[in-house]
Amino acid sequence: MSARIYISRDSGALCVGAEEVARALFKAVERRGLAVEIVRTGSRGMYWLEPLVEVATPQGRIGYGPVKANDIESLLDSGVLEGGEHPLRLGLVEDIPFFKRQTRLTFARVGVIDPRSLEDYRAHGGYKGLEKALALGPQATVEEVVNSGLRGRGGAGFPTGIKWRTVAQTVNPQKYIVCNADEGDSGTFADRMIMEGDPLVLIEGMTIAGIATGATYGYIYIRSEYPHAVEAMEIAIRRAREAGMLGPRVAGSAYAFDMEVRVGAGAYVCGEETSLLESLEGKRGEVRAKPPLPAHIGLFGKPTVINNVLSLASVPIIISDGAAYYRDFGMGRSRGTMPIQLAGNIKYGGLFETAFGISLGELVDDIGGGTRSGRPVRAVQVGGPLGAYFPPALFDTAFDYEAFTARDGLIGHGGIVVFDDSVDMAKQARFAMEFCAIESCGKCTPCRIGSARGVELVDKIVANEDRAENLLVLEDLCNTMKFGSLCALGGFTPYPVMSALTHFPEDFGATPKHLAAAE
Amino acid sequence: MPRYEPWDPERASVIIAANRHRAGAALPILHALQHAFGCVPEAAIAMVADALNLSRAEMHGTVTFYHDFRKEPPGRRVLKLCRAESCQAAGGDALAARAEEKLGVEMGGTTADARVTLEAVYCLGLCHSSPAAMLDHDRVYGMLDEAKLDALLKEAQA
């Protein structure tokens, strides 16, 4: 019997040398005449341990990491194929505290299976959701998603089941399922990990969505910065089609569903759903006014379900294990689990899927291990470039949609970017405005012009030009953008700006007195 | 390393014809053109507009909306440094300045010998291992520090 070794081909592993490690291992075992099967997986999400090499043993998978190509000889000398001792040995991968503390529902297979193998996918519970959805029928499937309490994981948090129900109730011979994989928020990579590590779960989720709502075609809009995700999805779609899991008779049923990948072209705003639809139609990615909702008039004017990768990838387990099973995780109106992404200046960067309700401090200090630089944490930005900066004083905030809203923040797509005490918060506020100016689609004035004026205002405030007065103007501008913009780009850019100003006034040369006057 | 073909209208029409039947064909066509020629030249915009029955103005508006599409082919290698928040938090600003200084170009510029185009990118989804970079279409690098950046610059210039 040959030994089996798992090495990730997730781009997060490739970026620290996983390909070189895999190649060195392949050469070394060939030279030594060893029978070894090398399986390329997604990533477990413990990126500080990548490249992680895992070996199948009767006790489970033993990990070694982070491995460099020149560690391979010594690993083989230590009997790595039997899980032998070595300074890089981490023990059972699933017993590593960062991993053990998680509740992996959406990410159950990521890092475990070969993402290109339909057999491996099925062997780990894949396509059970689709099987159940076919047995339940469309209407009951939609109600399962409604009852699970699943809310859009892209950032807006709108109930996924309600979107589905709206589309299911429309009468139209052509409806579409669109997967928003334009994951542009800095600090997020969960969509990428799903697409690279378990693409079939996304295909299954989209197929279920199609059957449930009467849509026969799907598009996955992936950002161009994700070439490895594009490749993984295209291979998986081909395999699913070859196996009859996509096509005119999905899994031998009477339902037709097929899909394709479309690649974005470097526009952040296309992560906004209506802008994404415009882009898919081949136009400038300008935001549409709502209503009409995409559920009524979406892609090419047809009823369209548009959901984030994580929302769709959570559907198979909701259907297979039942709405109640999923709903029992979480708190308040935030049900189920959230794949949280720890990023920036952080010791243990990676993906941590857990039930809603965990505190921000536990995530940053306990699980993330604080900063990589070893300096004190000064601020964390939660929810991407449009999310608020929180100081450690707010670390008791529970990871929950409403709890963050109550503190003038948002959880967005679940990214947490950690900054140490060398950060200049006025610079971060300026960057938020600058980023909005670069990425604005230009459709509405508060965003297009407001962001450019915002950059100038922050510059003036920092330079102490009419500081008190300009602080007032900046706050007024933020209000205009917040309430006058069509979409979240202009509407939420005030979150990082105002939170930086509120929690770190000293970086703007402002005193709390200035801010009191500004309020 | 990508090799681009010189501009050739006949080759461009073949590329356009292969994609024009697709729903919302503009982006797939533009990507395919840029893949072949390294850019979407002005002459191509008119051809795509014709094929899709759109005005040149509309097509120009679409092409220029997206950061990815270039007017001119880039240098032999394209190095994208992530400039978004996560990489800023992990020392990316200093690395970007170092890259600009060592290559003698600003972000968006191409070295005088046309070997390297340096570009800012806003997130590569490698934020767990910031600072991150991408060379050409798909070679990714994370946990960059001065030494690793220098090695990367050397590789790009080779």
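How many residues of chain A are in contact with how many residues of chain B? I would like to start there, and the answer is that 48 residues of chain A touch 35 residues of chain B. Please keep in mind throughout that this is a predicted model, one that scores ipTM 0.98 and pTM 0.97, and that for chain B the mean pLDDT is 97, with 100% of its residues reaching 70 or more.

Let me stay with that interface for a moment. On the side of chain A that touches chain B, the elements that give two or more residues are helix 1 (11–14), helix 11 (227–242), strand 8 (258–263), helix 12 (273–280), strand 12 (337–344) and strand 16 (415–420) of chain A. Sorted by class, the residues on this side of chain A come to 21 nonpolar, 19 polar and eight charged.

Turning to chain A itself, the domain assignment gives domain 1 (3–100), domain 2 (118–327), domain 3 (330–420) and domain 4 (425–518). Taken over C-alpha atoms, the centres of domain 1 of chain A and domain 4 of chain A are separated by 47 Å.

In one, helix 18 (residues 445–462) of chain A packs against helix 19 (residues 467–484) of chain A at an angle of about 160°, with the axes 10 Å apart. At over 145 degrees a pair counts as roughly antiparallel, and helix 18 of chain A and helix 19 of chain A are therefore roughly antiparallel to each other. The crossing of helix 18 of chain A with helix 19 of chain A is left-handed. From helix 18 of chain A, the contact includes A:Gly450, A:Arg453, A:Gly454 and A:Leu457, and among the residues they meet in helix 19 of chain A are A:Leu471, A:Leu474 and A:Leu477. The residues of this contact between helix 18 of chain A and helix 19 of chain A divide into nine nonpolar, five polar and three charged.

In the other pair, helix 7 (residues 138–148) of chain A and helix 13 (residues 309–321) of chain A pack with their axes 10 Å apart, at an angle of about 105°, and that makes helix 7 of chain A roughly perpendicular to helix 13 of chain A. Here A:Thr141, A:Glu144, A:Val145 and A:Ser148 of helix 7 of chain A meet A:Val315, A:Ile318 and A:Ile319 of helix 13 of chain A, which by class gives four nonpolar, two polar and one charged residues.

That brings me to chain B, whose secondary structure comes to seven helices and four strands, following the pattern α-α-α-α-β-α-α-β-β-β-α when read along the sequence. Its C-alpha trace spans about 50 × 30 × 25 Å along the principal axes. Chain B is divided into domain 1 (9–65) and domain 2 (77–157), and the C-alpha centres of these domains of chain B lie 29 Å apart.

Within chain B, the axes of helix 1 (residues 9–19) and helix 2 (residues 26–37) come within 9 Å and cross at roughly 145°, in a right-handed crossing. Helix 1 of chain B contributes B:Arg11, B:Ala12, B:Ile15, B:Ile16 and B:Asn19, while helix 2 of chain B contributes B:Pro28, B:Ile29, B:Ala32, B:Leu33 and B:Ala36. By class, that contact of helix 1 of chain B with helix 2 of chain B has eight nonpolar, one polar and one charged residues.

How values were computed
Residues numbered from 1 in each chain as written. Chains lettered and ligands numbered in written order. Predicted model: local features only at pLDDT ≥ 70, side-chain atom pairs only at ≥ 80, totals over all residues. pLDDT = per-residue confidence, 0-100. Domains from an automatic or database assignment. Axes fitted to C-alpha atoms, helices over the stretch in contact; angles between N-to-C directions. Parallel < 35°, antiparallel > 145°, perpendicular 65-115°, else oblique. Left-handed = near helix turned anticlockwise from the far one by under 90°. Contact = placed C-beta atoms within 7 Å. Nonpolar A, V, L, I, M, F, W, Y, C, P; charged D, E, K, R; others polar.
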